[in-house]
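Dear colleague,

Here is the structure I promised to hand over, with the sequence alongside.

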Amino acid sequence: MTHQIEVKVPDIGDFIDIPVIEVLVAVGESVDVEQSLVTLESDKATMEVPAPVSGVIRELRVSLDDSVSEGDLIAIIDADEVPASTEVETEIPPEKDREQPLAPSPPQTEQVSAAGPVAKTARPAPPSTGSRQTPPVPMGASATSPATIPYASPAIRRFARELGVDLVQVKGSSRGGRIIRDDVTGFVKSTLAGVATPATGGLGFDLPPPPKVNFSRYGDVELQPLAKIQKVSGAYLHRNWVSIPHVTQNDLADTTQMEVYRKANAARAQEQGFKLTPLVFLIKASVAALQKFPGFNASLDESRENLVLKKYFHIGIAVDTPGGLVVPVIRDCDQKDIFELAAELADLSQRARDGKLKPIEMQGGCFSISSLGGIGGTSFTPIINAPEVAILGVSRSSMRPQWDGETFQPRMMLPLSLSYDHRVIDGANGARFTRYLASCLEDFENMDL
Ligand code: CAO
């Protein structure tokens with residue numbers, strides 16, 4: 001007798017469209033009661049959805065990077081036993097089970113919501129014939145074949161992800177080759193000491209460990225834990241910095257005329273409750289440059305042999321918040337005018353600072369802009385937001401003397417710093433893109449504002 005149990009997303013508070021960051025089981029795999037099936041990650045927390053019963057995974061209805069909300073179907077389990085809380089019992093003849101193992105008819109399933117997110121992970125069952133997927137490292141992880149899928153609990157996978165460790169390279173010392181925390185820390189130590197030889201595509205820097213210093217020997221100190229966003233984004237920034245060959249191209253755009261136009265329209269924006277800053281012109285100029293140079297509106301696919309060219313223009317904007325850096329995405333910037341962009345930017349950046357962005361609002365970007373123009377500086381090296389291939393850094397514009405062939409003229413010059421992925425973009429195109437973007441700002445009247 002087979003009892004089919006539907007596992008749905010439990011009550012997860014006010015959150016909707018939470019990304020699935022880990023799928024921890026595969027169809028056909030045996031699961032224990034309370035074994036985690038998937039991991040969901042909101043901007044505030046990571047939660048695992050456990051199996052309400054033991055049995056065999058019959059169907060998986062979610063994939064990595066799907067977004068789910070309360071009540072969405074995650075999986076159907078052929079339960080070993082009917083849990084006491086279920087109301088309907090369904091018997092499926094074994095013959096039918098064999099004929100259509102992946103297509104149970106909906107009325108024959110029982111509905112059980114998972115008990116709720118669990119803070120601590122239940123011990124996973126040892127791997128059988130089923131496969132476990134490696135954690136999705138957001139923003140451009142490489143795929144792992146089932147043959148190389150490491151055997152580790154979700155908590156260990158999360159720990160490894162925070163440290164930027166690829167578990168494929170770690171040898172498990174526990175029963176059945178399961179990877180435990182000590183294996184991960186041991187791997188990190190040996191890598192830092194230059195001992196480990198990465199098996200597959202690892203970075204394997206042969207660096208000495210950072211010095212261990214007792215700072216209090218030199219004066220008073222205080223320990224301040226990093227904010228959650230800093231810890232999460234720090235790992236990704238580190239990965240992007242060490243795994244992408246960055247080149248930063250600097251240029252200056254003459255925004256003297258654009259500034260006259262912007263100031264003339266500032267009051268109109270003010271009346272509508274937002275500011276018209278240079279950033280919206282930069283978004284428009286970026287879209288124009290991405291349209292002219294499609295290779296910048298692209299990502300490397302998992303094989304790293306093809307470029308995925310995007311036909312949409314979603315621009316991520318780095319926003320400085322009390323908890324750390326976040327990058328909300330303004331969608332379809334080619335279809336919005338500068339006032340619409342300014343209104344959306346004001347809304348997104350305010351909600352980013354209030355910690356109220358939905359995960360979906362930070363996904364799907366094609367190209368990012370990091371503007372420090374409101375603060376100062378003359379140039380910097382922005383870190384590419386993988387899987388994007390370029391990011392524009394903007395510093396503060398200032399009046400500078402420009403030679404017009406006869407004399408120096410005072411012009412409002414805006415510094416641009418474009419970091420690009422040199423595996424995908426060569427230096428000449430990096431310079432062409434940046435110059436074209438600057439020329440769009442200089443001839444702003446020709447832009448689709
Ligand atoms: N040159 C001169 N002035 C500039 C400017 C520039 N490039 N960019 C903005 N300004 C001015 C604005 O016009 C505004 O002037 P007023 O107050 O007189 O109107 C002032 O600086 C402040 O602008 P702002 O920062 O509030 O607005 P913005 O649209 O330029 O930026 C946002 C919005 C959310 C991107 C920004 O507030 C922010 O968070 N920036 C930090 C991004 C960051 O941390 N990046 C680093 C990431 S690490 O790579």
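C440 counts as buried at 8% relative accessibility, where buried means under 20% relative accessible area, exposed over 50%, and partly exposed in between, with a 1.4 Å probe and protein chains only. C333 is likewise buried, at 0% relative accessibility. The count of disulfides comes to zero, a disulfide being a pair of cysteine sulfur atoms within 2.5 Å. For C333, the closest cysteine sulfur belongs to C366 and lies 8.5 Å away, which is too far for a bond.

Please keep in mind that this is a predicted model, in which local features need pLDDT of at least 70 and side-chain atom pairs count only at pLDDT 80 or more, whereas totals for chains, interfaces and linings use all residues. Residues are numbered from 1 along each chain as its sequence is written, and side-chain values use heavy atoms, with hydrogens and water left out.

As to the overall picture, the protein chain has eight helices and 20 strands, taken as DSSP runs numbered from the N terminus (helices H or I, at least four residues; strands E, at least two). Of its 449 residues, 44% count as buried. Among contacts with a separation of 6 or more, 64% are between residues 24 or more positions apart, a contact meaning heavy atoms within 4.5 Å.

Where does the largest nonpolar core draw its largest share of residues? This core has 52 residues, and those with the most contacts inside it are L282, F367, I369 and L441; a nonpolar core is a set of buried Ala, Val, Leu, Ile, Met, Phe, Trp, Tyr and Cys residues joined through side-chain atoms within 4.5 Å. The elements giving two or more residues to this core include helix 5 (256-271), helix 7 (338-353), strand 17 (367-371) and helix 8 (427-442), but the largest share, 10 residues, comes from helix 6. Leaving aside residues up to four places away in sequence, I369 touches, among others, L279, L282, I283, I315, I391 and V394. A second, separate core of 23 residues includes V20, L37, V53 and V62.

The structure holds 13 salt bridges, each a side-chain nitrogen of Lys or Arg within 4 Å of a carboxyl oxygen of Asp or Glu. In one of them R262 pairs with E259, the closest N and O atoms being 2.8 Å apart; the two are three residues apart in helix 5, and so are separated by about one helical turn. Both partners are buried, R262 with a relative accessible area of 14% and E259 at 9%. Another joins E361 to R351 at 2.6 Å between the closest N and O atoms, and this pair links distant parts of the chain, with E361 in the loop between helix 7 and strand 17 and R351 in helix 7, 10 residues apart.

F215, in the loop between helix 3 (181-192) and helix 4 (228-243), is exposed, with a relative accessible area of 54%.

Best regards
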